[in-house]
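Hi,

Here is the model I promised to pass on. Have a look, and my notes follow below.

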Amino acid sequence: MNMKMILPWVLVVALAIGAFALYSSKQKQGAELAQLRQQSEEAQKTQAADTKSQPAASEEELTQLRKDHDDVLRLRNEVRQLRDEKQQLARQAQAAQAAAANTQQQEQMQKLTVENQQLKVQTQVIQLRDQQNACINNLRQIDGAKQQFALESQKQRGALVSTDDLAPYFPNKAIPTCPGGGVYTLNQIGLSPICNIPGHVLPK
């Protein structure tokens, strides 16, 4: 009687324990399944993130390559500009040197021209002075010949005299002429002979 009453309760307890064990097992499986799903989702998210990051990295590399290419082009352009500027400066320097040399040559030519003109003027002055001195010396000789002619011929002051009267008193019997192309006037006895060129005058 007692065993019959206890046995159902034992079965109920056993069923309850089995049910609880089954429930616990299902709960555990559900938790593990949920955890697996979560891990799978995280893995997919990570893979997606990696997939997205790779194109981004490639895009950054392309951007850097474009930038490097632009820098190379800019540097080449700057080098070409510097080369052109250097060539232009070299041409300007050559032109400046040529201009300086030309200016120096012109200055030297002008200086030589001025010096040549000065030498010509000095030569002309010397020639005129020599001609003046020679003419004055001729006038002295003519005046001396007049005085000698007047003394020998007993000519008085104011008497006329000719070239024929004075010729015998000169070498080769010829009255000297002005080296500057002047014309002599013998004048009367007692007056000094004169030349028509200014400055060719006997000193008093």
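Let me start with the cysteines. The sulfur of Cys195 has its closest cysteine sulfur in Cys135, 3.8 Å away, which is too far for a bond, given that a disulfide here is a pair of cysteine sulfur atoms within 2.5 Å. A search of the whole structure turns up 0 disulfides. Cys195 is buried at 10% relative accessible area, and Cys178 is buried at 7% (buried is under 20%, exposed over 50%, partly exposed in between, with a 1.4 Å probe and protein chains only).

Before you dig in, some ground rules. This is a predicted model, where local features need pLDDT of at least 70 and side-chain atom pairs count only at pLDDT 80 or more, while totals for chains, interfaces and linings use all residues. Residues are numbered from 1 along each chain as its sequence is written, and side-chain values use heavy atoms, with hydrogens and water left out.

The overall layout: the protein chain has 2 helices and 2 strands, in the order α-α-β-β from the N terminus (DSSP runs numbered from the N terminus; helices are H or I with at least four residues, strands are E with at least two). Of its 204 residues, 13% count as buried. The chain exposes about 16,800 Å², with 56% of that from carbon and sulfur atoms (Shrake-Rupley, 1.4 Å probe; for residues, only the protein chains shown count as cover).

Now the core. The largest nonpolar core has 18 residues, and Ile142, Leu166 and Tyr184 touch the most other members; such a core is a set of buried Ala, Val, Leu, Ile, Met, Phe, Trp, Tyr and Cys residues joined through side-chain atoms within 4.5 Å. Helix H1 (residues 2-153) gives the largest share of this core, 7 residues. Beyond its neighbours within four places in sequence, Tyr184 is in contact (heavy atoms within 4.5 Å) with residues including Cys135, Ile142, Cys178 and Cys195.

Gln154 has a positive phi of about 55° without being a glycine; Gln154 sits in the loop between H1 and helix H2 (163-166) and is exposed, at 67% relative accessibility. Asn187, also not a glycine, has a positive phi near 65°. Asn187 lies in the loop between strand S1 (184-185) and strand S2 (194-195), and is partly exposed at 24%.

Cheers
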